[in-house]
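Hello,

Here is the structure I said I would pass on. My notes on it follow below.

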Amino acid sequence: MSSEPAKTGTGKGTKHIVIGDSQTPFIANKSQKFDLLGSSGSEENLWKGGMGISWLIDALKSYPVNPDIATVAICIGTNGGINRDPSKSDIPGLVNLLKQKMPNARLVAIPGSWGWGGNSKVTQDMVTRFYDEFKKLGVEVTKNSIGETDNPHSGGLASYSQIGSELDSLVNASSE
């Protein structure tokens with residue numbers, strides 16, 4: 001018997017979305033398959049600048065159950081998460097709520113950015129440890145992270161294109 005957690009969702013919906021923080025639109029913009037729920041950051045659109053996991057959980061509480069979502073790319077953790085003990089972030093609560101609200105969705109977490117502002121002392125090891133908590137719950141984690149940068153709000157970061165391509169390839173591989 002495998003000790004690997006069960007992967008999330010069936011991926012049987014038709015929509016692929018990106019949710020999370022201010023980096024979310026940059027990722028959606030570099031993907032051919034993933035979209036935002038709406039162009040303005042809000043609870044309704046499940047993304048907003050400067051927000052973290054607890055905000056996303058609160059936003060999801062009022063989101064209706066949507067079986068049409070095939071894949072959710074989660075861009076969260078940069079704001080008040082990566083540089084803390086991961087057990088202080090309610091990653092299990094976020095994942096459980098996503099499974100309830102988007103029951104067919106495959107969940108994929110995108111490691112955020114560090115090297116700037118309150119994340120200036122974050123290391124790669126801290127990032128890995130934080131996103132390993134998602135893996136323990138069956139969430140896939142992209143190989144590419146937004147990464148160390150002094151400005152994560154530059155749409156020209158190469159990492160956004162790499163993440164967009166990686167997400168698109170996950171969708172292509174699951175539809176074959």
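Glutamate 44 sits in the loop that runs between helix 1 (24-29) and helix 2 (53-61). The model is a predicted one, and in it glutamate 44 counts as exposed because its relative accessibility is 66%, over the 50% cut-off. Leaving out residues up to four places away in sequence, glutamate 44 touches Leu37 and Tyr63. Alanine 59 is 15 residues from glutamate 44 in sequence, and the two C-alpha atoms are 6.9 Å apart.

Next, the strands. Strand 3 (residues 106-109) pairs in the parallel sense with strand 2 (residues 69-75), over four bridges. In that pairing, arginine 106 of strand 3 has threonine 71 opposite. Strand 3 also pairs with strand 5 (residues 140-141), again in the parallel sense, over two bridges. Here alanine 109 is the residue opposite valine 141 of strand 5.

Which way do the side chains of strand 3 point? Arg106 and Val108 point one way, Leu107 and Ala109 point the other way, and all of them are buried. In a regular strand, side chains alternate between the two faces of the sheet.

Serine 113 belongs to strand 4 (residues 113-114). With 0% relative accessibility, serine 113 counts as buried. Its side chain makes a polar contact of 2.9 Å with the side chain of tryptophan 116. Not counting residues up to four places away in sequence, serine 113 touches Gln23, Thr78, Ile82, Asn119, Ile146, Gly147, Thr149 and Pro152.

On to the aromatic rings. Searching the whole structure gives four aromatic pairs. One of them is a stacked pair of phenylalanine 26 and tyrosine 160, with 5.2 Å from centre to centre and 25° between the planes. Phenylalanine 26 is in helix 1 and tyrosine 160 is in helix 5 (residues 158-174), so this pair ties together parts that lie 134 residues apart in sequence. Are the two partners buried or exposed? Phenylalanine 26 is partly exposed, at a relative accessible area of 21%, while tyrosine 160 is buried, at 0% relative accessibility.

Tyrosine 131 and phenylalanine 134 also form a stacked pair, at 5.7 Å centre to centre with 15° between the planes. These two residues are three apart in helix 4 (residues 124-136), so about one helical turn separates them. Both tyrosine 131 and phenylalanine 134 are buried. Together with Phe130, they form one aromatic cluster.

Phenylalanine 134 comes up again in the nonpolar core. The largest such core has 32 residues, and those that touch the most other members are Val72, Ile74, Leu94, Met102 and Phe134. Strand 1 (15-20), helix 2, strand 2, helix 3 (91-101), strand 3 and helix 4 each supply at least two residues of this core. Helix 2 gives the largest share, six residues. As for phenylalanine 134, its contacts beyond four places in sequence are Ile53, Ile76, Ile91, Leu94, Val95, Ala109, Val139 and Val141. There is also a second, separate core of 15 residues, and Ile27, Ala73, Cys75 and Ile146 are among them.

Regards

Terms used: Residues numbered from 1 in each chain as written. Predicted model: local features only at pLDDT ≥ 70, side-chain atom pairs only at ≥ 80, totals over all residues. Heavy atoms only, no water. Buried < 20%, exposed > 50% of the residue type's maximum accessible area, 1.4 Å probe, protein only. Pairing = 2+ DSSP bridges. Contact = heavy atoms within 4.5 Å. Phe/Tyr/Trp six-rings, centres within 6.5 Å; stacked < 30°, edge-to-face > 60°. Polar contact = N/O pair within 3.5 Å; in protein donor to acceptor, adjacent residues only side chain to side chain. Core = buried A, V, L, I, M, F, W, Y, C linked by side-chain atoms within 4.5 Å.
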